[in-house]
Amino acid sequence: MKKNEVNRKTIVHPISPLYDKNSKILILGSFPSVKSREEAFFYGHPQNRFWKVLAAVLSEKVPVTVEEKKMFLKKNHIALWDVIHSCEIIGSSDSSIRNVVPNDLSSILADGDIRQIYCNGAKSYEYFRKYLEAETGREAMKLPSTSPANASFSLSRLTESWKIICGPLGVAPPGIGNVLLDWYGYHARILPWRSDPTPYHVWISEIMLQQTRVEAVKKYYDRWMEELPDIYALSEVSDEKLMKLWEGLGYYNRAKNLKAAAVMVVNKYGGELPGDYEKLLSLKGIGEYTAGAISSIAFGLPEPAVDGNVLRIFSRLLMEEEEIGKSGVKKRITREVKRVMPQGRAGDYNQALMDLGAMICLPNGEPLCGRCPWETVCQAHKKGKEKDFPHKAAKKKRRIEKKTVFLIEAGEKVLLHQRGENGLLAGLWELPNVDGEWDVADVSCAIKKEYPADCLIEFIGEGKHIFSHVEWQMKGYRVCLNDISEKLPKKKEWVMASKKELEEQYAVPSAFDCFKKLL
């Protein structure tokens, strides 16, 4: 008998498997080392790099105590066990293993949500193939061993190899933030608000960019900054001028909220936007995305800015199966966005994501994956399912409203009506209109009842305008009258406006553009 054979012992695995119903991957070793058996937990030898590798891959602190390691595994949805239930072994030597009895993985595979099995090292993989592959009907992937005996693999090389577990875990791989910044350095869009990213400039641009294309915003931004160069000017601007500056951008409450927030900033913060995420969030009209954008771009704070673009990018990157509109999904993606945020460059990183979504990871069409810096790590792209993500809830059908619109002209002036302070397009000026579809006879009857003098009535076509929840289907009539100023109701919400006043003073929403352009 060889000398070492004296030390060969039959040992039953002393550690219970660690898993729960949320476990997404199963990592298998071969059999616990002497140190692990003494500690009664996996990878207990201080030179084994298992916990350092997992922490590096998942961008977390290295767990130290057994309790910290258990919490780490649970939090990150990792199941952990070994291939062998019992065997004869000398010390911790895998090469000495004889008379193997494999573990039963059925309970883990039945109770957990195991998407992939990984083997830590060649021996574990060899034993899995021999004893468990046929029994489980599952294939495992071999990863380089984290054992100190695997000296050819440095910690960084191990980490690079183990990044593959990020896919089935649904987490962003480490280091991709820096890859994105390298791309951004060559492809960043040149935008007027980026040349001088003061808190005020970032704030105004981000509010304007909500629901609006970048190219459309540029001219509005330049005009706004000429008229309202700072928060004090915004806080004091008249509502009429404010609406005129915003005319055509839509979603007019955005402008009203800007002024309300500016007044609060002047009164509470001395006219300077606060460099604090929570304080920004308390301002009227500033939500999580805008607070994140201002915090990171203007103040350099490590806050994510997650909007529809970022949700789309990460839903493809991670192959997010749930509906993107769910709050839990947004929270999970926000965590991943922050996980891979490069230290000290939060603003550039958030802007790089904006550009990636606008230029490469496109909605409603074919994303330009061949140009994407994340092409090799994108889970949806690997499976050719880019256009299947994000998953969205079915849109509610828009309500259809029929409208009849009047372009009432008298000489060089046109009749305008100011909408009420509540509801759609509140407080804005509009072309007079009524609900329903009127024909020429209906229009003639109504007009002559109000203005008996001779008039010309002409059908000028149909138009359509889509709001987020309602669609206006409109028929338009031009009504040419003599001067009717004296017959106007003696109320401030009616006015005869010249074309110059219409251009410079009165804000008429774009819903009426199809008829207003006929003036």
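Student: How do α10 and α14 lie relative to each other?
Tutor: The axes of helix α10 (residues 199–209) and α14 cross at roughly 155° and come within 10 Å. α10 and α14 are therefore roughly antiparallel. Angles over 145 degrees count as roughly antiparallel, under 35 as roughly parallel, 65 to 115 as roughly perpendicular, and the rest as oblique.

Student: Which residues make the contact?
Tutor: From α10, Trp203, Ile204, Ile207 and Met208. From α14, Arg254, Leu258, Ala261 and Ala262. Contact means heavy atoms within 4.5 Å. By class, the contact of α10 with α14 has seven nonpolar, no polar and one charged residues. Here Ala, Val, Leu, Ile, Met, Phe, Trp, Tyr, Cys and Pro are nonpolar, Asp, Glu, Lys and Arg are charged, and the others, Gly among them, are polar.

Student: What should I know about the model itself?
Tutor: It is a predicted model: local features need pLDDT of at least 70, side-chain atom pairs count only at pLDDT 80 or more, and totals for chains, interfaces and linings use all residues. Residues are numbered from 1 along each chain as its sequence is written, and side-chain values use heavy atoms, with hydrogens and water left out.

Student: And the helix names and angles?
Tutor: Helices (H or I, at least four residues) and strands (E, at least two) are DSSP runs, numbered from the N terminus. Axes are lines fitted to C-alpha atoms, for helices over the stretch in contact, and angles run from 0 to 180 degrees between N-to-C directions.

Student: How does α13 pack on α14?
Tutor: Helix α13 (residues 239–246) meets helix α14 (residues 253–269) at an angle of about 130°, with axes 10 Å apart. So α13 and α14 are oblique to each other. Asp239, Leu242, Met243 and Trp246 of α13 touch Arg254, Ala255, Lys256, Leu258 and Lys259 of α14. That contact has five nonpolar, no polar and four charged residues.

Student: What about α16 and α19?
Tutor: Helix α16 (residues 288–299) and helix α19 (residues 346–359) pack at about 130°, and their axes are 7 Å apart. That makes α16 oblique to α19. On the α16 side are Tyr289, Gly292, Ala293, Ser296 and Ile297. They meet Ala346, Gly347, Asn350, Gln351 and Met354 in α19. By class, this contact has five nonpolar, five polar and no charged residues.

Student: New topic. How many cavities of 30 Å³ or more are there?
Tutor: There is one cavity of 30 Å³ or more. On a 1 Å grid over the protein atoms alone, a cavity is a set of points where a 1.4 Å probe fits but cannot get out; a pocket is an open set with protein on both sides within 12 Å along at least five of seven lines; lining residues have an atom within 4 Å of a point. The largest cavity holds about 130 Å³ of space. Grid points are joined across faces, edges and corners, and a volume is the space filled by probe spheres set on the points.

Student: What lines the largest cavity?
Tutor: 15 residues do, with Arg316, Cys361, Cys369, Cys372 and Cys378 nearest its centre. The lining has 11 nonpolar, one polar and three charged residues. Its largest share, three residues, comes from α17.

Student: And the second largest pocket, what is its volume?
Tutor: About 870 Å³. Of its 38 lining residues, Cys166, Gly167, Pro168, Gly170 and Gln379 are the closest to its centre. The lining splits into 16 nonpolar, seven polar and 15 charged residues.

Student: Last one. Where is the cis peptide bond?
Tutor: It joins Phe389 and Pro390, with omega about 0°. Pro390 sits in the loop between α20 and β8 (399–410). Most peptide bonds are trans.
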